[in-house]
Amino acid sequence: MKPTTIYIASDHRGFRLKESFGQKLREQGVALHDLGPNGEDRCDASRFAVKLAEALQRDTSARGILI
């Protein structure tokens with residue numbers, strides 16, 4: 001059975017939670033694609049929401065988490 005693909009993204013305030021949650025998912029063997037951000041520098045949340053929506057539009061069998 002093919003593992004479920006999950007895309008994950010956040011804004012700068014959710015970065016630590018995204019990293020922690022993402023690590024737990026990886027430990028469970030989930031195919032996780034981190035769309036960012038890559039740090040806690042202030043960023044525009046909508047930028048990452050759009051990236052997540054576009055990824056889910058391309059990969060219709062995947063799931064997404066936006067923090």
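User: What does it take for two strands to pair, and what counts as a strand?

Analyst: Two strands pair if DSSP finds at least two bridges between them. Strands (E, at least two residues) and helices (H or I, at least four) are DSSP runs, numbered from the N terminus. Here, β1 (residues 5-9) pairs with β3 in the parallel sense, over four bridges. I6 stands opposite R63 in β3.

User: What kind of model is this, and how are residues numbered?

Analyst: This is a predicted model, where local features need pLDDT of at least 70 and side-chain atom pairs count only at pLDDT 80 or more, while totals for chains, interfaces and linings use all residues. Numbering runs from 1 along each chain as its sequence is written, and side-chain values use heavy atoms, with hydrogens and water left out.

User: How many helices and strands are there, and what pattern do they follow?

Analyst: The protein chain has two helices and three strands. Along the sequence they follow β-α-β-α-β.

User: What is the strand order in the sheet, and which strands are at the edges?

Analyst: The sheet is open, its three strands are ordered β2-β1-β3, and the pairing is parallel. β2 and β3 (63-66) are the edge strands, each pairing on one side only. On average, neighbouring strands are turned by 20° against each other, direction ignored.

User: Where do the helices lie, and how do I read their angles?

Analyst: Axes are lines fitted to C-alpha atoms, for helices over the stretch in contact. Angles run from 0 to 180 degrees between N-to-C directions. Contact means heavy atoms within 4.5 Å. In this structure, α1 lies across β1, β2 and β3 and runs at about 155° to β2. α2 packs on the sheet, touching β1 and β3, and its direction makes about 175° with that of β3.

User: What is a salt bridge, and how many does the structure hold?

Analyst: Side chains of opposite charge can pair when their charged atoms come close. The criterion is a side-chain nitrogen of Lys or Arg within 4 Å of a carboxyl oxygen of Asp or Glu. The structure holds three salt bridges. One joins R16 and E40, with the closest N and O atoms 3.2 Å apart. That pair links distant parts of the chain: R16 is in helix α1 (residues 15-27), E40 in the loop between β2 (31-34) and α2 (45-58), 24 residues apart.

User: Which residues form a salt-bridge network?

Analyst: Start with K18 and E19, whose side chains meet at 2.8 Å, N to O. K18 also meets D34, at 2.7 Å. This second pair links distant parts of the chain, K18 in helix α1 and D34 in strand β2, 16 residues apart. Shared partners join K18, E19 and D34 into one network.
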